[in-house]
Amino acid sequence: MQAWQVHENGEPSEVMRLAEVEPPTPGDGQVRLRVRAANVNFPDALLCRGQYQVRPPLPFTPGVEICGETEDGRRVIANPALPYGGFAEYALADARALLPAPESLDDAEAAALHIGYQTGWFGLHRRARLEAGETLLVHAAAGGVGSAAVQLGKAAGATVIGVVGGAKKAAVARELGCDVVVDRSSEDVIAAVKEATGGRGADVIYDPVGGEAYAQSAKLVAFEGRIVVVGFASGTIPSPALNHALVKNYSIMGLHWGLYNTKNPKLVLRCHEELTDLAARGAIKPLVSERVPLGEAAAAVQKVADGRSTGRIAVVMEGAA
């Protein structure tokens, strides 16, 4: 089979190599899946660079999120078991963690429903307890993680403010349903959000960026507001001033979605059921901005790593729906 492999750490476009290898053999509790579509995530770039919290042995195949097909023909969503990731014709996965692919979504959309939307659901509902009528601010609102949070926020009845970088991404954020869009490349984020909220700020702030975005969040969070920290795409991990959180009366919440797979897997299944229902009703639909063949996977991962993508890029195999 064909598979992309990383033999040394570095930039994805430099270290990912397409090779002909033997299909992986499932271990105890694992199944082999024929990959139908693999979604490109920022962690794929971090894996290539050796900067992710999980470091699979070299060589490994990246690709942490797929829509695959079981031997008996079922379409499923899975997180591949590294080192046999999704940028290949076949991948391995934990048999107990397979989720049915929603019939309302094609393979690329189904592959993109999992990590970003699960993270958004847990962040907004399990951690921040977002309520209808509240104001949600989403950083990087046109990206893969941010676009999911925007849709979930709208589905929950929140007023959504999206912060983006550039006119193209601002247009995407408006199409996603953001009530207010702030272009950080041409606007003062703090001034624009304060104007939009009458000086009150946002009840919930969803931050997959870190760095300067977090500094803005601390200035924009409302009384009894909640900042949900889900990642550091900027490359800078902030150091929160806890005295500021005390004086302003807000909460800082961390979210590592992967922990729920081991700490409370029943919640992951419940979340998937709710996401499937929302997708069937048309309340959410993964924004797949590009569909590329397997041979272009390395370039796609690099594009995501460089912050040049909107929504999700999916690697789609021949014959996929």
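Predicted model: local features only at pLDDT ≥ 70, side-chain atom pairs only at ≥ 80, totals over all residues.
There are zero disulfides in this structure.

Take Cys271. Cys271 takes part in no disulfide, and the nearest cysteine sulfur, which belongs to Cys67, lies 17 Å away. A disulfide here needs two cysteine sulfur atoms within 2.5 Å. Cys271 is buried, at a relative accessible area of 0%. Cys48 is buried as well, with a relative accessible area of 0%.

Now the cores. The largest nonpolar core has 78 residues. Which of them touch the most other members? They are Met16, Phe87, Phe122, Leu136 and Val315. Apart from that one there is a second, separate core of 18 residues, and its members include Val163, Val182, Val189 and Tyr250.

Helix α7 covers residues 189–196 and helix α8 covers residues 212–220. Their axes come within 10 Å and cross at roughly 35°, and the crossing of α7 past α8 is right-handed. Which residues make the contact? On the α7 side they are Val189, Ile190, Val193 and Lys194; on the α8 side, Gln216, Lys219 and Leu220. Sorted by class, that contact between α7 and α8 has four nonpolar residues, one polar and two charged.

That is the end of my part.

Conventions
Residues numbered from 1 in each chain as written. Heavy atoms only, no water. Core = buried A, V, L, I, M, F, W, Y, C linked by side-chain atoms within 4.5 Å. Buried < 20%, exposed > 50% of the residue type's maximum accessible area, 1.4 Å probe, protein only. Axes fitted to C-alpha atoms, helices over the stretch in contact; angles between N-to-C directions. Helix = DSSP H or I, 4+ residues; strand = E, 2+ residues; numbered from the N terminus. Left-handed = near helix turned anticlockwise from the far one by under 90°. Contact = heavy atoms within 4.5 Å. Nonpolar A, V, L, I, M, F, W, Y, C, P; charged D, E, K, R; others polar.
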